[in-house]
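Good morning, colleagues. Please bring the structure up on your screens, and I shall take you through the ligand site and then the arrangement of the domains.

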Amino acid sequence: MENELIIQNLSKTGATGVCFLDNVSLALPRGSRLSVLGPSGSGKTTLLRMIAGLDMPDSGDIRFNGTSILDLPPHKRNFGMMFQDYALFPHLDVFHNIAFGLKMKGMPRQKQAPIVAKMLTLTDLEGFENRKVDELSGGERQRVALARTLAPGPRLLMLDEPLSALDRVLRKRLLNQLTQILSRLHITTIFVTHDHEEAFAAGTQIILMNQGSIVQQGSPDNLIHHPVNDWVKSFMA
Ligand SMILES: Nc1ncnc2c1ncn2[C@@H]1O[C@H](COP(=O)(O)OP(=O)(O)OP(=O)(O)O)[C@@H](O)[C@H]1O
Ligand SMILES: [Mg+2]
């Protein structure tokens, strides 16, 4: 399959000389689902922010459909990123939260409505359009955030720890729900987590990061049964 997103030798060093990303390369076929797994501070969010255009690398390239996107500002990349805390607008109802990106694009209200309706169906939120987001459960909020990210039709979907704001019991149930929604979409997806179970459920390929580097890339089976070193072995245990 043709690679849609290609990341070549991305590196970034902070002012203190600490390396946040160290020569990270990867290639994602169109429609694939990648999990980025790694402990806290391993560079997962930094990598997503660079792909989104919110952060610039010191060196390396990011290519999408054969063209470098490094010079494109975030809104011209047409990528969707869902943040860990969802970043919903508490003063807006569900409809206006989901429609936010469409409004920003200058889309007239009558064109927004059918897209929002489609997103409500996709995320099992029909009938919620007039609800205030601060009156929703954690799981409902998560689905509003996903619907808002998907509404503008992004070319790439990035989810940064989408379940971490939820308690443990909910996480498991919502992991199922979320992976079901993701499998209905045919959009290239990057799912960031520090939890193996989530990484394995969400991605067919996994990259395991530590200290800014990719330590191992492979299928869940590959990571469990063929760890490349003792660090991977103990992280996967
Ligand atoms: N703009 C920045 N300024 C200073 N340090 C930064 C900056 N961005 C990232 N870092 C550092 O880079 C390292 C990687 O951070 P990052 O947020 O990417 O990790 P993470 O894998 O997402 O961790 P977590 O699982 O805790 O979210 C950390 O040591 C962090 O402190
Ligand atoms: Mg992070």
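I begin with Thr-46, where a polar side-chain atom lies 2.5 Å from an oxygen atom of ligand 1. This is a polar contact, that is, a pair of N or O atoms within 3.5 Å; within protein, one must be able to donate a hydrogen and the other to accept it, and residues adjacent in sequence count only if both atoms are side-chain atoms. Lys-44 also takes part: an N or O atom of its side chain is 2.7 Å from an oxygen atom of ligand 1. Gly-41 contributes through its backbone, with an N or O atom 2.8 Å from an oxygen atom of ligand 1. Taken alone, ligand 1 exposes 640 Å², and the protein buries 55% of that (accessible areas by the Shrake-Rupley method with a 1.4 Å probe; for residues, only the protein chains shown count as cover).

A word on conventions. This is a predicted model, in which local features need pLDDT of at least 70 and side-chain atom pairs count only at pLDDT 80 or more, while totals for chains, interfaces and linings use all residues. Residues are numbered from 1 along each chain as its sequence is written, chains are lettered from A and ligands numbered from 1 in the order in which they are written, and side-chain values use heavy atoms, with hydrogens and water left out.

Let me turn to the domains. The chain is divided into domain 1 (1-78 + 165-237) and domain 2 (88-154), with bounds from an automatic or database domain assignment. Their C-alpha centres lie 26 Å apart. In contact (heavy atoms within 4.5 Å) are 10 residues of domain 1 and 13 residues of domain 2. What is the count of residue pairs in polar contact between domain 1 and domain 2? It is 2, both residues being at pLDDT 80 or more.
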